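Welcome to the tour. Please open your viewer and keep the selection tool at hand.

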Amino acid sequence: MTLSTDLAALDIWIAQLPRIAMSALGESGSPMFTLDFIMVGAVKRSMSLAAGLRAMVDSKNMVCARALLRLQIDTLSRLRAYTYVTKPEELAQAVVGGAQLNRFKSAEGEVLKDGYLIDRLSNELPWLAKTYKETSGYVHFSERQFFDTVQSVGGDAIRTLSLTVSAKDDKFPEESWVEVVACFSEITNLLAETVMSYAAQKKAA
């Protein structure tokens, strides 16, 4: 895959997400549930993050691009939490009311903490746990901010170190940008499937 191909796929997601959000609400006259708004909120956030990622790739801002990828992982992992419980509507009401997700447990008795949510998702996306850990360094101020300034390291006896402090991250090859966009799209695909599955179940009820 090329970066232009992956960006085109990202643009398609940006265009399709509003329709996916509407599917969660159902047709005119459909009953409304608190969980509808959780689904719509996840889609809206995804659309905003996708548009932001598009802009960050265009401006060659890897720091923000990877932070946005990390936020999208969080969107999917927390949305999926509602599929792990026996009473998702009650969970939605509690969370909308201000309760923390990690106060609740899955149907198997596991606390809905981030670690558990990421582990569950990693069964579907084997690369997710490693990516979650690495991109967390872009959300929090960490050693990643130093390594991203390193432009080159001299191999001579003096061992020179060249640093670049710039808003643009020009040192990354195209495949690094492709990886960020492709991961974001794969996560967004699972999120869309989750919302559409909810919409189908609601329609059949």
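How do the residues of the lining of the largest pocket divide into nonpolar, polar and charged? They divide into nine nonpolar, four polar and two charged, where Ala, Val, Leu, Ile, Met, Phe, Trp, Tyr, Cys and Pro count as nonpolar, Asp, Glu, Lys and Arg as charged, and the others, Gly among them, as polar.

This is a predicted model: local features need pLDDT of at least 70, side-chain atom pairs count only at pLDDT 80 or more, and totals for chains, interfaces and linings use all residues. Residues are numbered from 1 along each chain as its sequence is written, and side-chain values use heavy atoms, with hydrogens and water left out.

**First stop.** Select Leu35, Pro88, Tyr198, Gln201 and Lys202, which lie nearest the centre of the largest pocket among its 15 lining residues. Helix H2 (34-58), helix H4 (88-96) and H8 each give two or more residues to this lining. H8 provides the largest share, five residues. (Helices are DSSP runs of H or I, at least four residues, numbered from the N terminus.)

**Second stop.** Now pick Ile38, Thr75, Arg78, Leu79 and Tyr82, the closest to the centre of the second largest pocket out of the 13 residues that line it. (A pocket is an open set of points on a 1 Å grid over the protein atoms alone, where a 1.4 Å probe fits, with protein on both sides within 12 Å along at least five of seven lines; lining residues have an atom within 4 Å of a point.) Here H2 and helix H3 (62-80) give two or more residues.

**Last stop.** Finish at serine 176 in helix H8 (residues 174-204). Beyond neighbours within four places in sequence, serine 176 is in contact with Met62 and Arg66 (heavy atoms within 4.5 Å).
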